[in-house]
Amino acid sequence: MTSNTVDDGSATARIQGFPITSDFTWEGKDYNYQLTFDEDNKVAENGGLTLVLTYSTLIGPKEQEIPLNTGDNGDVLLSGAYSVSSDQLTVTDDGETVTATIDELTETTLRLSVKIANVSPQLIDGTVENATGTNKITFTKQ
């Protein structure tokens with residue numbers, strides 16, 4: 001992985017019972033995350049990265065670093081059986097399915113866009129009800 005960003009995020013959280021909407025962005029760093037695709041239509045992940053999450057609060061913007069590593073709390077992004085249809089990459093594992101749009105696929109580059117609607121990243125004390133936006137991810141073949 002060489003890039004992992006969200007520029008258009010929005011999330012709703014409940015703070016003391018009141019719904020609050022917050023815009024957010026994230027930028028990855030410390031990339032040590034790899035995907036391996038095999039001939040049996042399986043994709044495996046290894047390594048991790050750190051997301052630098054920036055979101056708005058009532059008192060202004062707040063920044064939080066979130067380390068993500070495979071093996072800590074399950075999968076980071078994509079792992080399991082995969083299929084490709086047109087410009088869609090679908091990965092299924094343990095009954096969960098992730099679908100990504102393939103924005104670019106060359107001999108050396110894979111760029112994906114993943115809609116994060118209804119995903120619940122732990123933005124504010126684990127109280128996020130839903131989130132929307134597009135996660136743009138780039139992988140470069142080694």
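## A polar contact to start from

The side chains of Asp 103 and Ser 113 make a polar contact at 2.3 Å. A polar contact here is a pair of N or O atoms within 3.5 Å; within protein, one must be able to donate a hydrogen and the other to accept it, and residues adjacent in sequence count only if both atoms are side-chain atoms. The model is a predicted one, in which local features need pLDDT of at least 70, side-chain atom pairs count only at pLDDT 80 or more, and totals for chains, interfaces and linings use all residues. Residues are numbered from 1 along each chain as its sequence is written, and side-chain values use heavy atoms, with hydrogens and water left out.

Asp 103 lies in strand 7. Is Asp 103 buried, exposed or partly exposed? With a relative accessibility of 35%, Asp 103 counts as partly exposed; buried means under 20% relative accessible area, exposed over 50%, and partly exposed in between (1.4 Å probe, protein chains only). Leaving aside neighbours within four places in sequence, Asp 103 is in contact (heavy atoms within 4.5 Å) with Arg 111, Leu 112 and Ser 113. Asp 103 and Lys 136 are 33 residues apart in sequence, and their C-alpha atoms are 9.2 Å apart in space.

## The overall layout

What is the protein built from? There are 10 strands and 0 helices, so the element order from the N terminus reads β-β-β-β-β-β-β-β-β-β. Both kinds of element are DSSP runs numbered from the N terminus: helices are H or I with at least four residues, and strands are E with at least two.

Of the protein's 142 residues, 35% count as buried. Among contacts with a separation of 6 or more, 44% come from residues 24 or more positions apart.

## Strands that pair up

Here is how some of the strands sit together. Two strands pair if DSSP finds at least two bridges between them. Strand 1 (residues 3-15) runs antiparallel to strand 2 (residues 18-37), with 9 bridges joining them. Arg 14 has Pro 19 in strand 2 as its bridge partner. These two strands form a hairpin with 2 residues between them, and Gln 16 in the turn has a positive phi of about 50 degrees.

Further along, strand 5 and strand 6 (residues 88-93) are antiparallel and joined by 5 bridges, with Thr 92 in strand 6 as the bridge partner of Ala 81. Their hairpin has 2 residues between the strands, and Ser 86 in its turn shows a positive phi of about 60 degrees. Strand 6 is in turn joined to strand 7 by 6 bridges, again running antiparallel. Asp 93 stands opposite Glu 96 in strand 7. Strand 6 and strand 7 also form a hairpin with 2 residues between them, where Asp 94 in the turn has a positive phi of about 50 degrees.

Asn 135 is found in strand 10 (residues 134-140), and Val 6 stands opposite Asn 135. Why does Asn 135 count as buried? Because its relative accessible area is 7%. A polar atom of the Asn 135 side chain lies 3.1 Å from the backbone oxygen of Thr 5. Beyond its neighbours within four places in sequence, Asn 135 is in contact with residues including Asn 4, Trp 26, Leu 112 and Ser 113.

Asn 4 is found in strand 1 and counts as buried at 5% relative accessibility. Beyond its neighbours within four places in sequence, Asn 4 has contacts that include Trp 26, Tyr 31, Leu 49, Asn 135 and Lys 136.

## The second largest pocket

The second largest pocket holds about 560 Å³ of space. On a 1 Å grid over the protein atoms alone, a pocket is an open set of points with protein on both sides within 12 Å along at least five of seven lines, and lining residues have an atom within 4 Å of a point. Grid points are joined across faces, edges and corners, and the volume is the space filled by probe spheres set on the points.

The elements giving two or more residues to this lining are strand 2, strand 5 (80-85), strand 7 (96-105), strand 8 (109-115) and strand 10. Strand 2 gives the most, with 5 residues. In total 20 residues line the pocket, and Leu 35, Phe 37, Leu 110, Phe 139 and Lys 141 lie nearest its centre. The lining divides into 11 nonpolar, 7 polar and 2 charged residues. Ala, Val, Leu, Ile, Met, Phe, Trp, Tyr, Cys and Pro count as nonpolar, Asp, Glu, Lys and Arg as charged, and the others, Gly among them, as polar.

Note on methods:
On a 1 Å grid over the protein atoms alone, a cavity is a set of points where a 1.4 Å probe fits but cannot get out, and a pocket is an open set with protein on both sides within 12 Å along at least five of seven lines; lining residues have an atom within 4 Å of a point.
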